[in-house]
Amino acid sequence: MPLNRLMKVLPAAAMLAALAMQSTLFAQGALVVAVPTPTTDTGIPLAPANAAAVRTPSAPGAWGGERTGNEATLSDRVVDYQIEATLDPDKHTIDGKQKLTWRNRSSQPVRVVYMHLYLNAFQNANSTFFTEQRNTGNAVRSDALAKDGEWGYIELRSVQQNGAAVNWSFVQPDGGPATDQTVVKLELPEYVEPGASTTLDIRFFDKLPRVLARTGYFGSFHLVAQWFPKMAVLELPGERGATQTRWNAHEFHAESEFYADFGNYDVKLTVPKAYKVGATGEPQGSPVEKDGMLTHHFVQGDVHDFAWTADKRTAEPLVDTWTGPGSPKVTVTVLFPPEYRHNAAPAMKAAKDSLSYFSNTLGPYPYKTLTVVIPPHNAREAAGMEYPTFFTADSYEDVTPGTFNAMDLDFVTIHEFGHGYFYGILASNEFEEPMLDEGLNEYWNQRMLRDGGRKIDATTALLKRIGFAPAFDVFHAERAGAVLENPADPVGENAYGRLQGIGPAYSRTATVMRDLEAQVGKEAMERAFKEYYRRWKFRHPSVADLRETLADVTGQRQLVETVFAQQVYAVNKVDDRISSFSSEEQLPQPGYIIDKGKRVELTAAKTSEQEDEIREKWDKAHPDAREGTGPFPFRTEVILRRRGVAVPQRLVVKFADGSKETVQWNGEERWKRFEWIKPVKAVSAELDPERKHLLDTSKLDDSRTLKADSRATRRWTFDFAAFVQTLIALIATV
């Protein structure tokens, strides 16, 4: 927004503060000035700006304790939203009113509360969102700015508590620019006593942006997300590392997503009659028509967000049902524009396959609906985004089976569905601990593909017709995005404090979890994740809660804690390699020896003569001897070097007679020598033959042969997968 326009909407003091702060607050995505922990008027602090991976496990009673299934509701509902909203699709505006009931779970009275106005991230280029994107160079979905007339915002038009007006002001809890208006502080006329609830009557108005990242419009298509005033989360002692009651209310950062309390949503959406609507939750009967408008009514309990879409170009939806043990009958709906009709059936199949896999490996899907939206042409910035019971997939002109496009449509559908578990039901804090959603979900997505025998297809329809169809193991491709050589950020880092952007929160986390699985065993890892889901569904777990569950269930606490110390709470590269490999005959050597009690000198000539005689006799006695055998023993030596953090390693050396030697290297040394004296020569040495450590910087230096062996070229596939990762880089933004 030009400076002269900006000054019309900002007070002078705020404008001066913004200009002064912008040059100092943000550098490469990290704050460079100290930001004190702000407090409210009632003494309840806000979560610190740099909050990241939690180290202390949550208390047993956190978030109301484990859900047994015998409670009246799936979650311990904290909020209740009753929203009525009317869309003007030509002006791309929404006129809304909201009755928000909030329950004070704490033991102290509350008079100051916080709400998120996420849509204000798109009101100008000086929001925290665009400031970070500009300063770090890490574009989210698109590096473009909105054009004139295409910015978006949300206005609070009135807020009342029991008929009394509520005062509010914008705050920046993370020390972002004073121009950011994504968090609002409300000073209530009346205290909310411990255990009591209060209701706020809110009028609000949205101007949707041209879709640049996740939400907005293109033509008649409207993807409406983060569109209503949303209450921040009041965390209690023993929840996610909190030692005292605190508000968790972060600004809308460029690479962060969302965190909110569970509750009930009762939403009425009024749109022109020609528009088809899809939304979070269950439709309540048929839409009601009045004055050429239809009001669609949706209700969904035990979720923490609500999103919807409306488009007059949407084709007749594809609808099917799915059933699974422990789950209700699920109605699956795919909404799509006419130009992407051929994407609908693959998206439906991927969604139903995902329902089966996640239900079987984690736990039953608890909702009755699932809506999949395929965005139209020129609206792909809205693709690949998750909301409860509702998500956007991707769209391609060509989805020929066996091609990259078909694989990507499947993967994005699987990925966004998977968020329904890790973001939706488990409801981790994506501002502070994105690995718990993006990373764990990515890991489970690849696990689903691997268990189904799927590969990463890296071809096109044209290349396939000429017989070139490379395919890669899913986890070997994933590791290429894990920043193996020079990682800067622990996987437990928050979403907005990363030097290398949010991508490694996906790929590096998935690789760390896969490597842990390789060590504890596939079945043990699945048991642990089932238990994690059982313990923490509808409860907002932390990284420490994941760590404790994995340690408890696998029975390998020391290993789990070591992995978390090395890669989650800190960052270390893994880089073990075979430094040298040799296998040489041990020949007679010149010098004095004791023969029959007398000292006898073996000259060099005598030694050589003796060697020839022994070799000649042996050759005559063994005319069909295998290469690598002979009259003299072989000394085989392997030296391993460590240029990263210590991980348990296995070395296998194979010999010419088919035998092998296997040793473990579990120490902290920076190098290790292994040697054998055997009657046969070694032919190969391989470190990590089972590929347990895909986090290793390079798998090309894990094996050696003493003779050229074309089979060794298979090793290239582990790092050639980087090519694949380049093609699927967009996954790191969904």
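Helices (H or I, at least four residues) and strands (E, at least two) are DSSP runs, numbered from the N terminus. The model is predicted, so that local features need pLDDT of at least 70 and side-chain atom pairs count only at pLDDT 80 or more, while totals for chains, interfaces and linings use all residues. Residues are numbered from 1 along each chain as its sequence is written, and side-chain values use heavy atoms, with hydrogens and water left out.

Strands of a sheet pair through backbone hydrogen bonds, either parallel or antiparallel. Here β29 and β32 (residues 629-642) are antiparallel over 9 bridges; Ser582 has Glu637 of β32 as its bridge partner, and Asp576 stands opposite Arg642 in β32. On the other pairing, β32 and β35 are likewise antiparallel over 9 bridges, with Trp676 in β35 as the bridge partner of Thr636.

The largest nonpolar core has 171 residues, and those with the most contacts inside it are Trp227, Trp247, Trp308 and Phe529. Such a core is a set of buried Ala, Val, Leu, Ile, Met, Phe, Trp, Tyr and Cys residues joined through side-chain atoms within 4.5 Å, buried meaning under 20% relative accessible area, exposed over 50% and partly exposed in between (1.4 Å probe, protein chains only). Helix α5 (residues 404-425) gives the most to this core, with 10 residues. Apart from this core lies another, of 15 residues, including Leu640, Phe655, Trp665 and Trp676.

Leaving aside neighbours within four places in sequence, Phe529 is in contact with Leu362, Phe422, Leu440, Tyr443, Trp444, Met513, Leu546 and Leu550. Phe529 and Tyr532 are 3 residues apart in helix α10 (residues 522-536), and are therefore separated by about one helical turn; both are buried.

The 18 residues of helix α9 (residues 503-520) should span 26 Å at 1.5 Å a residue, which agrees with end C-alpha atoms 26 Å apart; the expected span is 1.5 Å times one less than the number of residues. Because 17 of the 18 residues of α9 are buried, the helix is largely enclosed by the rest of the structure. Just after α9, Gly521 takes a positive phi of about 105°.

The structure holds 38 aromatic pairs, in which rings of Phe, Tyr and Trp (its six-membered ring) have centres within 6.5 Å, with planes under 30 degrees apart counted as stacked, over 60 as edge-to-face and the rest as tilted. The rings of Phe129 and Phe130 are edge-to-face, because their centres are 5.2 Å apart and their planes at 70°; Phe129 and Phe130 are both buried. Phe529 and Tyr532 also form an edge-to-face pair, at 6.2 Å centre to centre and 70° between the planes. Ring pairs link Tyr118, Phe122, Phe129, Phe130, Trp151, Phe252, Phe258 and Phe431 into a cluster.

Notes. Contact = heavy atoms within 4.5 Å. Pairing = 2+ DSSP bridges.
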